[in-house]
Amino acid sequence: MIKRSSEHVANERTFLGWVRTAIAVMAFGFLIERFDLFIKFAAPQLAQQQLAPHDQMFANAAGLAFIGIGVAMIVIAGFRFAKTAKDIESERDVPSPGRRFDLALAVLIGLLGMSLFLYMPQAVLPTF
């Protein structure tokens, strides 16, 4: 039997949760980055109307930002997993890895989401 196996299993579940979330963030970034291509080819044919002019660079930058955040999440999750596994084996009390990173990540993703919320009406709705 592995010593402190329930803690190790919980650490692994947490790591895998971070990896799944990072993959979803990267997939969302890819979708955002390619959304302009969808608007350009599919939406005018479906809606039979001219789309509003918009800056394609914003969607590309936001998509790449989400992909970059996802990659960073996986790297940081790997480091946290290894550190936590090492800390589980130690006999000393170890402080939690910190909430600042988690809070900063949530704020960053929230700000990117809000900027996309403000961008989408300009990109999709026709101008009058």
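## Surface and overall make-up

Accessible areas here come from the Shrake-Rupley method with a 1.4 Å probe. By that method the protein exposes about 9,100 Å², and carbon and sulfur atoms supply 70% of this area. The model is a predicted one.

The secondary structure comes to 4 helices and 0 strands, and the pattern along the sequence is α-α-α-α. The protein has 128 residues, of which 24% count as buried. Among contacts with a separation of 6 or more, 86% are between residues 24 or more positions apart.

## The nonpolar core

The largest nonpolar core consists of 12 residues: A22, V25, I32, A59, A62, F66, I69, M73, L105, L112, L116 and Y119. Helices α1, α3 and α4 (100-124) each supply at least two of its residues. Helix α3 gives the most, with 5 residues. In soluble globular proteins, nonpolar side chains tend to be buried together.

L116 is one of the core residues. Beyond its neighbours within four places in sequence, L116 is in contact with F28, I32, F58, A62 and F66.

## Aromatic pairs

How many aromatic pairs does a search of the whole structure find? The search finds 2. F15 is partly exposed, at a relative accessible area of 22%.

F28 and F66 form an edge-to-face pair, with 5.2 Å from centre to centre and 80° between the planes. Here too distant parts of the chain are linked: F28 lies in helix α1 and F66 in helix α3, 38 residues apart. F28 counts as partly exposed at 39% relative accessibility. F66 has a relative accessible area of 3% and is therefore buried, as the cut-off is under 20%.

F81 is found in helix α3, which covers residues 56-89. Is F81 buried or partly exposed? With a relative accessible area of 27%, F81 is partly exposed.

Residues up to four places away in sequence aside, F81 touches N11, E12 and F15. The C-alpha atoms of F81 and L16 are 9.5 Å apart in space, while the two residues are 65 apart in sequence.

## E33 in helix α1

E33 has its place in helix α1. Its relative accessibility is 16%, so E33 counts as buried. Which residues is E33 in contact with, leaving aside its neighbours within four places in sequence? They are A59, N60, G63 and L64.

## A nonpolar surface patch

V71, V75 and F79 form a nonpolar patch on the surface. Together the three have about 300 Å² of accessible area. V75 is in helix α3, and at 44% relative accessibility V75 counts as partly exposed. Helix α3 also holds F66, which is buried at 3%.

Methods. Residues numbered from 1 in each chain as written. Heavy atoms only, no water. Buried < 20%, exposed > 50% of the residue type's maximum accessible area, 1.4 Å probe, protein only. Contact = heavy atoms within 4.5 Å. Phe/Tyr/Trp six-rings, centres within 6.5 Å; stacked < 30°, edge-to-face > 60°. Core = buried A, V, L, I, M, F, W, Y, C linked by side-chain atoms within 4.5 Å. Patch = residues over 30% accessible without salt bridge, like charges linked within 9 Å, V, L, I, M, F, W, Y side chains within 5 Å. Salt bridge = Lys/Arg side-chain N within 4 Å of Asp/Glu carboxyl O.
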